[in-house]
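Please keep the sequence and the model at hand while reading the points below.

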Amino acid sequence: MFLSRMKPLTAWEATIVNSSAFQEFRILGDVECIRELSSDRLYLRLYVERELDGKRILGESSLVLNPLDDFRFRIRRSIDMAALVKNEPFKLPGPGQDYAEVETHDPAMAANPFHNIAGVRNRLEAKSRQELVVLSSSEVWIEEKRRTFRNSLGIEAGYSETELFVDFVCLAKSDLGHESESHGSRKFRRLQDVNPESMVARNARFARDTLFAEEPPTGEFDVVFSHESLDSLFNYFAAQSGGPAAYHGWSRFKIDEPVVSEVVGDRITLTSDPSLHGGLKTVPFDDNGLSMKPVKVIEDGFLRRRPVEQRYAQYLNLEPSGALTNVVVKPGATPFDSLFHPKPVLHCVRFSTFDPNPVSGAFSGEIRLGYWVTDSGVKPVKGGSVSGVMENAFRRATFSSETVQREAYFGPKGVKLCNLAVAGS
């Protein structure tokens, strides 16, 4: 290969991605665009190891090449850029690894893409008519990719993957002519997991409820997280458990010690699962060609093992497993409906943004849609914010016994955190 003759290049990784995408866009039921796209790209990561002041250092750079690019010029320039970087060296994964058989490709989805797209879209439109909302826009596309990986040590591996993307907007109107919309969006690995009817029904309800939503009250209240709010709820624990946090010294977690102190509620058990059926982060190997392994990261509230890629495994003298993939959280013993007792409880289903600080665990999310649950009934709310710190919030956490799977999450359908600060009216 041309790369093997490049000087002073010492190692390289190459991933070829062949992609075919089939897309349909509609506005108010009318076709805006139908198209088929294909692309071939080469993703390169180049390494230059050298000595500086008596110490070995590793330079790195990455680039993406398209078929018509002047690849010799761009590779040489990238090598020059790598020589400016000063990282701690590590050895790349080698051949002979045992790659697990994981489900990343759905033949049924790839067999007849436009037929499948039409089927999903027809179901979206039919359900929107039943729900008496307007499907103001819809986007459905299917993409099939083939990933082929090689590195300078002799790894040659690959896998195929499929992905279906559904994106739409439901528009609801009140008797007074006021309008409100709800945006539904979801990616799927498998055709069997797509349920357009439930997606439209949920977003039609959200759109109608938003018409009458007001700000929540201000104070300290118990808050139940469900639906989209679960997608980032455990990000702090994932970041704190990872290799970069430990290596760079900002992880608060220590092996065999509690991740949250003085817990009086449910304790977290969190697993990184690269083989989760239907998970968007299900993969046989990572970007370095390292075989991915499931890791029980947190068990009954204690950090047991860090999920680390090859680099940080060597830096920290740990067994490499790959970085965190699909997040699997053990459910609790409390039925979902029981999370709303005692009242009042704020039920948050959507935030404009909710991304806890990976270092401090502090969070503040603006409420896009929620429900204020009291003895007098349930009222939709929007605006205002929910704030707190993960260390404090998860001391009195309650996990539902029912589970739900989202794009890269499988765990409790609802999580209640107590005494969070709510800023509203």
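This is a predicted model: local features need pLDDT of at least 70, side-chain atom pairs count only at pLDDT 80 or more; totals for chains, interfaces and linings use all residues.

Helix α1, made up of residues 71-82, lies across β2 and β3. Its direction is at about 150° to that of β3.

- Six strands form an open sheet in the order β3-β2-β1-β4-β5-β6, and their pairing is antiparallel.
- The edges are taken by β3 (55-65) and β6 (179-188); each has a single partner strand, so one side of each is left without a neighbour in the sheet.
- From one strand to the next, the twist averages 15°.
- Within this order, β1 (residues 11-27) and β2 (residues 30-52) are joined by 17 bridges in the antiparallel sense.
- Ser19 has Ser39 of β2 standing opposite.

**The surroundings of His347**
- His347 belongs to strand β12, which covers residues 345-351.
- Its relative accessible area is 10%, and because the limit for a buried residue is under 20%, His347 counts as buried.
- A polar contact of 2.6 Å joins the side chains of His347 and Ser226.
- Leaving aside residues up to four places away in sequence, His347 touches Val224, Ser226, Phe336, Phe340, Gly370, Tyr371 and Val373.

**Aromatic pairs**
- The structure contains 25 aromatic pairs.
- One of them is formed by Phe90 and Tyr315, edge-to-face, with 6.4 Å centre to centre and 90° between the planes.
- Phe90 is in the loop between α1 and α2 (107-111), while Tyr315 is in helix α7 (residues 310-316), so the pair ties together parts that are 225 residues apart in sequence.
- Phe90 and Tyr315 are both buried.
- The ring centres of Phe237 and Phe394 are 4.9 Å apart and their planes stand at 80°, so this pair is edge-to-face.
- This pair, too, links distant parts of the chain: Phe237 lies in helix α5 (residues 235-241) and Phe394 in the loop between α8 (390-393) and β16 (398-399), 157 residues apart.
- Phe237 is buried at 0% relative accessibility, and Phe394 is buried with a relative accessible area of 1%.
- Phe237 and Phe394 belong to one aromatic cluster, together with Phe234, Tyr236, Phe253, Phe399 and Tyr409.

**Charges over rings**
- Lys413 has its charged end over the ring of Phe336, 4.5 Å from the centre; Phe336 is also among the residues that His347 touches.
- Lys187 lies over the face of Phe165, at 6.0 Å from the ring centre.

How values were computed: Residues are numbered from 1 along each chain as its sequence is written. Side-chain values use heavy atoms; hydrogens and water are left out. Two strands pair if DSSP finds at least two bridges between them. Helices (H or I, at least four residues) and strands (E, at least two) are DSSP runs, numbered from the N terminus. Axes are lines fitted to C-alpha atoms, for helices over the stretch in contact, and angles run from 0 to 180 degrees between N-to-C directions. Contact means heavy atoms within 4.5 Å. Buried means under 20% relative accessible area, exposed over 50%, partly exposed in between (1.4 Å probe, protein chains only). A polar contact is a pair of N or O atoms within 3.5 Å; within protein, one must be able to donate a hydrogen and the other to accept it, and residues adjacent in sequence count only if both atoms are side-chain atoms. Rings of Phe, Tyr and Trp (its six-membered ring) pair if their centres lie within 6.5 Å; planes under 30 degrees apart count as stacked, over 60 as edge-to-face and the rest as tilted. A charge sits over a ring if NZ of Lys or CZ of Arg is within 6 Å of the ring centre and within 35 degrees of the ring normal.
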